[in-house]
Amino acid sequence: MKISRKIGIVVSLQMGLVMGAVFTLLSMVKTGQIVPIGIIISALISAVISAVWGGIISMKGLSEGAARLLHINPAKQKLLYNVIESVIGAVMFTPILCTFFVIKNVGLDNPMFMKIWLSTLALDMLICLPLNFIFCPLFKKVAGKVFNIASIN
């Protein structure tokens, strides 16, 4: 397995932990029932789903491709590249995580499934964008240290 793929899996795993915990906490706040073990379990499930998805989809490849299309140099325009990465990460991971948790929590046979899924997806996307923007660069640094790489775009 290429080192970039391994880094992607590590970053996806970490982002999955954060997103799973935040999404679950917000859902619990809406219902008025906060269960700490539920947050931990959901974060772990989200981490596994994200790590698998991160092993299948190359976020680095997608982000670099988008940067080329938009004529953005990741080394010189780090902030703009981070925005691109955040948007791509949100688009690639949020629908999968949202779908899993809505099916798990309300079921596919619920007549309100589509309405709940769409409203949850919209909220999760709004939350995921800043989470990706803040945490992805930090987690890339962590992954770089894990794999002894000085700089990761």
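**A helix pair in its setting**

Analyst: Start with the whole chain. This is a predicted model. For 153 residues, a compact globule would have a radius of gyration near 15 Å; the protein chain has 16 Å, which agrees. Its C-alpha trace spans about 45 × 30 × 25 Å along the principal axes. Of the 153 residues, 39% are buried. Under 20% relative accessible area is what counts as buried here.

Next, the elements. The protein chain holds 5 helices and 0 strands. Along the sequence the pattern reads α-α-α-α-α.

Now the pair itself. Helix α4 covers residues 78-106, and helix α5 covers residues 113-146. Their axes come within 6 Å. They cross at roughly 140°. That angle makes α4 oblique to α5. Why not roughly antiparallel? That label is kept for angles over 145 degrees. The crossing of α4 and α5 is right-handed. What kinds of residues form the contact of α4 with α5? They divide into 21 nonpolar, 7 polar and 3 charged.

Last, a look at the other end of the numbering. Helix α1 runs over residues 3-31. It has 29 residues, and at 1.5 Å a residue they should span 42 Å. Just after α1 comes Gly32, which takes a positive phi of about 80°.

To sum up the pair: α4 and α5 cross in a right-handed sense, and α4 is oblique to α5.

Notes:
Residues numbered from 1 in each chain as written. Predicted model: local features only at pLDDT ≥ 70, side-chain atom pairs only at ≥ 80, totals over all residues. Heavy atoms only, no water. Axes fitted to C-alpha atoms, helices over the stretch in contact; angles between N-to-C directions. Helix = DSSP H or I, 4+ residues; strand = E, 2+ residues; numbered from the N terminus. Parallel < 35°, antiparallel > 145°, perpendicular 65-115°, else oblique. Left-handed = near helix turned anticlockwise from the far one by under 90°. Nonpolar A, V, L, I, M, F, W, Y, C, P; charged D, E, K, R; others polar. Expected span 1.5 Å × (residues − 1). Rg over C-alpha atoms; globule rule 2.2 N^0.38 Å. Buried < 20%, exposed > 50% of the residue type's maximum accessible area, 1.4 Å probe, protein only.
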